[in-house]
Amino acid sequence: MNNAQKHALPTICTLDDACCGCGACSATCPKRCIELDADAAGFKYPVVDIDTCVRCGRCDSVCPALNREKRVDPLRAFWAKSKNEDELKRSSSGGVFALLARAVLADGGVVAGAAWGEGCRTLRHIVIDDVANLDSIMRSKYVQSSVESDVYEALHEALRSSKPALFVGTACQVAGMRRFLGDLAMSDLFLSVDVICHGAPSPALWHRWLDFCERNEEMEISDVNFRSKITGWSSFSVLYKYKTEKEDTSNFSANLFTEDWYMRAFLSNASLRPACFQCPAKLSCGSDATLGDFWGIQSAHPEVSAEDGVSVVLANTSKGIAALEFIMPHLDYGESSLEKVLPGNSPLEQPVTPFKERDVFIAAVVEGTSVSEMMSRYDFKPRFVERVRGKLGSVKRAMKEKLVGQP
């Protein structure tokens with residue numbers, strides 16, 4: 001591409017590492033000339049058909065990286081957990097998202113969230129309108145989700161048809177969706193929820209890791225729960241569900257999160273997308289509410305029992321306050337503050353620091369280095385253990401010898 005062609009392209013094409021991959025540019029393009037293509041690490045970036053592009057500027061106008069908003073501190077902060085014990089145990093933290101989603105669905109609305117596909121090889125946002133499908137978009141999934149144009153369009157159509165709509169995603173995804181919706185994002189019918197985000201790991205590494213696990217177990221993976229509470233909430237496990245020859249049975253294997261190599265790479269900031277180290281949307285995505293784990297609640301609120309999980313709940317707008325107040329009869333909750341939340345949740349307001357050999361690590365992923373070799377090169381334990389101690393306190397080391405039932 002010569003200089004004249006490069007100059008003619010929309011600014012989104014020059015973002016390089018600043019692009020967060022939210023997909024809003026592709027969704028808003030009136031000529032459908034923007035595709036999101038994955039690089040060798042699996043991260044998606046916009047590619048524009050220059051012959052079809054009419055230089056309308058809509059793609060640049062919705063891009064979170066090009067339109068950074070001012071920081072907005074929450075109006076109110078809470079700790080909260082669902083009174084429904086089953087849903088609390090199935091959730092990653094306190095079960096608040098499930099309650100918000102149920103309220104929207106009960107009102108005839110739609111909810112968009114991230115769901116596994118292709119044997120957990122892909123993660124993409126889907127739109128549901130039935131509570132029977134809610135479980136598929138629950139729980140944290142530590143891979144970057146793809147938000148395709150059909151999701152943007154489905155929420156736009158729902159709101160235009162006077163249906164309630166809830167979108168949950170990372171801060172950059174929420175920022176992209178809100179800019180795509182424009183004035184509709186301000187409607188009382190639309191509720192946007194961002195999750196406290198550590199960063200988005202390499203999808204290519206995730207594929208490689210699943211292949212490695214399947215070869216070791218000699219079975220195909222059918223589901224992954226990154227936040228199983230079989231060993232507790234603060235000492236959670238990564239639970240892998242495998243297909244068996246009998247359709248009505250499944251095998252499980254679990255790694256305490258401190259022992260799961262993929263999680264250690266993720267939490268050591270080695271596998272993250274470049275944009276995560278300069279996130280454009282921390283406390284500025286415009287979401288109505290922010291949800292996450294209340295790490296450090298034992299110090300911030302020692303009176304609260306946190307055995308089965310507790311959520312940080314930040315109400316950022318009057319809509320957010322109204323939505324949370326509506327579900328409060330189904331919650332155990334209490335007032336908190338941003339000052340009490342931040343010590344255990346620093347990624348809420350500032351990007352994480354890259355692993356010192358992050359570029360070399362990603363290069364190994366791109367080159368196709370085997371997981372076994374990468375595990376021998378990169379253990380992550382010294383720094384990882386230090387991070388865990390600082391964030392969570394002491395961590396249980398014992399695993400249950402036998403897993404019974406589903407996560």
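Two strands pair if DSSP finds at least two bridges between them. In this predicted model, strand 9 and strand 10 (residues 250–256) pair in the antiparallel sense over seven bridges, and leucine 239 stands opposite alanine 254 in strand 10.

- Strand 9 is mostly covered, with six of its seven residues buried.

**Aromatic pairs and charges over rings**

- A pair of aromatic rings is described by the distance of the centres and the angle of the planes.
- The structure holds 21 aromatic pairs. One of them is formed by phenylalanine 236 and tryptophan 295, which are stacked at 6.3 Å centre to centre with 25° between the planes.
- This pair links distant parts of the chain, 59 residues apart. Phenylalanine 236 belongs to the loop between strand 8 (221–228) and strand 9 (237–243), and tryptophan 295 to the loop between strand 11 (289–293) and helix 10 (297–300).
- Phenylalanine 236 counts as buried because its relative accessibility is 5%, under the 20% limit. Tryptophan 295 counts as buried for its relative accessibility of 9%.
- Arginine 227 lies over the face of phenylalanine 236, at 4.4 Å from the ring centre.
- The charged end of arginine 273 sits over the ring of tyrosine 45, 4.4 Å from the centre of that ring.
- A cluster linked by ring pairs contains Trp209, Phe212, Trp261, Phe355, Phe361, Tyr378 and Phe380.

**Helix 8**

- Helix 8 (residues 203–217) has 15 residues, so at 1.5 Å a residue it should span 21 Å; its end C-alpha atoms are 21 Å apart, which agrees.
- At the N-terminal end, serine 202 caps helix 8: a side-chain oxygen lies 3.3 Å from the backbone nitrogen of alanine 204.
- Just after helix 8, glutamate 218 takes a positive phi of about 60°.
- The buried residues in helix 8 are Pro203, Ala204, Leu205, Trp206, Trp209, Leu210, Phe212, Cys213 and Glu214. Trp209 and Phe212 also belong to the ring cluster.
- Among the elements that cover these buried residues are strand 4 (110–117), strand 8, strand 9, helix 9 (261–267), helix 13 (358–366) and helix 14 (371–377).

**Glutamate 214**

- The side chain of glutamate 214 reaches the backbone nitrogen of isoleucine 221 at 2.7 Å.
- Leaving aside neighbours within four places in sequence, glutamate 214 is in contact with Arg121, Met219, Glu220, Ile221 and Tyr242.

**Helix 6**

- Helix 6 (residues 149–160) has 12 residues, so at 1.5 Å a residue it should span 16 Å; its end C-alpha atoms are 16 Å apart, which agrees.
- An α-helix has 3.6 residues a turn, so residues three or four places apart point the same way.
- In helix 6, the buried residues are Ser149, Val151, Tyr152, Leu155, Ala158 and Leu159.
- The elements that cover them include helix 2 (24–28), strand 4, strand 5 (122–128), strand 6 (165–169), helix 7 (171–181) and strand 7 (190–195).
- Helix 6 is followed by serine 162, whose phi is positive, near 65°.

Methods
Residues numbered from 1 in each chain as written. Predicted model: local features only at pLDDT ≥ 70, side-chain atom pairs only at ≥ 80, totals over all residues. Heavy atoms only, no water. Phe/Tyr/Trp six-rings, centres within 6.5 Å; stacked < 30°, edge-to-face > 60°. Helix = DSSP H or I, 4+ residues; strand = E, 2+ residues; numbered from the N terminus. Buried < 20%, exposed > 50% of the residue type's maximum accessible area, 1.4 Å probe, protein only. Lys NZ or Arg CZ within 6 Å of the ring centre and 35° of its normal. Expected span 1.5 Å × (residues − 1). Contact = heavy atoms within 4.5 Å. Polar contact = N/O pair within 3.5 Å; in protein donor to acceptor, adjacent residues only side chain to side chain.
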